[in-house]
Every structure is written in structure tokens, then in C-alpha cells.
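Subject: Structure for you to look at

Hello,

Here is the structure I promised to pass on. Please open it beside this email and follow along.

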Amino acid sequence: MNHGKAPADLDRIRLYDRPEAADHELLRPVADWISGHVARPHPDLGRRGAVCPFVPLAQRLGLVRFALADPPVRDEEGLVAAVAALKAHWLAMEPRSGPHTIDKTIILVLPGTAAASVVRVHDRLKPEFVADGLMLGEFYPGHPGPGLHNPGFRPLHSDVPLLVARSMVGNDLPFLTERRYPPARRAGFVESFLRHQTGAGTGTRERARAELEHARGELGHPSPE
């Protein structure tokens with residue numbers, strides 16, 4: 001869905017598969033970081049498995065793509081256009097149905113882009129992704145976001161700013177209910193979560209409904225009995 005907006009310019013970004021990224025000066029370090037860090041366990045993670053548990057399978061299935069803005073991003077409006085293209089490419093990318101849609105990942109690499117711009121554009125556009133059952137992840141040098149299982153771990157740090165498009169999964173509920181978001185945004189996020197994650201476990205959906213009721217209560221609009 002594009003919610004009535006003009007179609008994204010798919011040519012605003014260019015996609016590369018893993019072998020192509022390995023031969024690209026700007027993409028090789030990110031591709032190596034994905035394989036050597038994100039797809040592997042880490043002693044500070046606080047749980048077993050890879051830093052991102054979905055990446056190893058996504059790599060084996062060949063469903064990880066790397067992207068560069070073309071022309072490079074010069075300002076925040078250029079970044080907004082690049083992220084619109086990122087979302088459109090993810091939606092068009094195969095598979096478009098079936099169990100492996102959750103393994104599709106596109107990593108927009110943003111060399112030279114200020115972290116503050118990445119943060120602002122991520123905050124501006126994340127609701128559009130969530131409304132369509134997607135997630136928009138942000139990574140940049142020194143990102144302070146803590147790990148879910150070890151608050152001393154910094155899983156969102158990367159040497160180069162990145163914005164990542166992927167499918168929403170049941171484990172994303174904590175990222176949609178962070179108290180840094182105002183209650184209206186949290187409520188909207190959780191409503192989208194419940195709409196798209198119909199197969200989430202009973203406990204997860206109960207927590208989501210509790211979070212929704214809490215957010216609505218903060219707004220003075222409690223859930224109807």
C-alpha cells in the first residue's frame with residue numbers, strides 16, 4: 001500500500017547481492033560485518049544464537065540485498081526518497097508470499113550521512129513501514145540502543161550509517177512499545193502489530209493487547225469493555 005502517495009522512484013537506489021557487494025569498495029565492509037558479526041553469536045549478547053537470529057537463514061537463501069543511493073544522499077529529503085525506494089524494492093522483491101517473506105532483508109548503506117539525519121528520517125518514516133507490516137531498522141556509529149537481553153550490549157552500532165528494511169516478526173513487540181515513543185504512536189504501532197502478527201504466540205498477543213490498553217489509557221481513551 002502507498003496510502004495515496006506518489007509511487008517511489010525505484011531507480012533512486014541500486015541493489016546488490018552478496019557477491020556484488022563483496023566486490024564493491026563501499027559495500028564490502030558492511031557485507032563482511034553482516035557475515036562476521038550480525039550472523040554470528042557474541043559473548044555479550046545475553047542469549048544463544050546469532051546477534052540477529054534471522055540473518056543466517058536469510059543469507060543461505062540468498063535473500064539479503066545491499067543498496068546504495070544513486071545519486072548519493074545529500075540532504076534529508078534525498079534520504080526520504082531513498083527510503084521510499086527501499087520500501088518499494090522490499091515489497092517487490094521475491095518471495096512476495098509464503099514463509100520466507102520474513103527472511104527478505106535490504107540494507108541501505110549511507111556512507112557520509114550524518115547519524116542525526118538517519119535518526120530523524122527513521123523516526124519520520126517508521127510508522128509507514130509498521131503500518132504495512134514491515135520494520136525499518138537504524139544503525140550508526142555509537143548508537144546507544146541497548147540489547148534486549150543485555151543492556152550493556154549495543155546491537156545497533158555500525159561503523160557506517162544504515163537503514164534496513166525487513167518484515168515485522170513477533171519478536172518486534174519490544175521495539176514498538178519503547179517508552180520513548182509518545183502513547184499515540186505506541187498505540188498505532190501495536191494496532192499494526194496485532195493486525196499483521198495474527199500468528200504470534202498467545203503470550204505475545206496478550207502482551208500486545210496490554211500495551212495497547214496502557215497506551216490508550218495514557219491518551220484518555222481506554223479500550224472498550
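Helix H7 passes helix H8 in a left-handed crossing. Left-handed is the word if the near helix is turned anticlockwise from the far one by less than a right angle, and right-handed if clockwise. Helices (H or I, at least four residues) and strands (E, at least two) are DSSP runs, numbered from the N terminus.

Before going on, note that this is a predicted model: local features need pLDDT of at least 70, side-chain atom pairs count only at pLDDT 80 or more, and totals for chains, interfaces and linings use all residues. Residues are numbered from 1 along each chain as its sequence is written, and side-chain values use heavy atoms, with hydrogens and water left out.

**Helix pairs**

H7 covers residues 183-196 and H8 covers residues 202-219. Their axes come within 8 Å and cross at roughly 150°. Axes are lines fitted to C-alpha atoms, for helices over the stretch in contact, and angles run from 0 to 180 degrees between N-to-C directions. H7 and H8 are therefore roughly antiparallel. Angles under 35 degrees count as roughly parallel, over 145 as roughly antiparallel, 65 to 115 as roughly perpendicular and the rest as oblique.

Which residues of H7 and H8 make the contact? On H7 they include Ala187, Val190 and Leu194. On H8 they include Ala208, Leu212 and Ala215. Contact means heavy atoms within 4.5 Å. By class, the H7 and H8 contact has 10 nonpolar, 2 polar and 7 charged residues. Here Ala, Val, Leu, Ile, Met, Phe, Trp, Tyr, Cys and Pro count as nonpolar, Asp, Glu, Lys and Arg as charged, and the others, Gly among them, as polar.

Now turn to H5. H5 and H7 pack at about 30°, with axes 9 Å apart. They are therefore roughly parallel. Pro127 and Val130 of H5 are among the residues in this contact, as is Phe189 of H7. The classes are 4 nonpolar, 2 polar and 4 charged.

H5 (residues 115-131) also packs with H4 (residues 76-92). The angle is about 40° and the axes are 10 Å apart. H4 and H5 are therefore oblique to each other. H4 passes H5 in a right-handed crossing. Their contact residues divide into 7 nonpolar, 1 polar and 6 charged.

**The sheet**

An open sheet has 5 strands in the order E1-E2-E3-E5-E4, with mixed pairing. Two strands pair if DSSP finds at least two bridges between them. E1 (13-16) and E4 (134-139) stand at the edges with a single partner strand each, so one side of each has no neighbour in the sheet. The twist averages 25° from one strand to the next. E3 (residues 105-109) and E5 (residues 162-167) run antiparallel and are joined by 5 bridges. H5 packs on the sheet and touches E4 and E5.

How many aromatic pairs does a search of the whole structure find? There are 2. Rings of Phe, Tyr and Trp (its six-membered ring) pair if their centres lie within 6.5 Å; planes under 30 degrees apart count as stacked, over 60 as edge-to-face and the rest as tilted. Tryptophan 33 and phenylalanine 139 form an edge-to-face pair, 6.0 Å centre to centre, with 80° between the planes.

Finally, look at the cis peptide bonds. One runs from aspartate 70 to proline 71, with omega near 5°. Another runs from glutamate 94 to proline 95, with omega near -5°.

Best wishes
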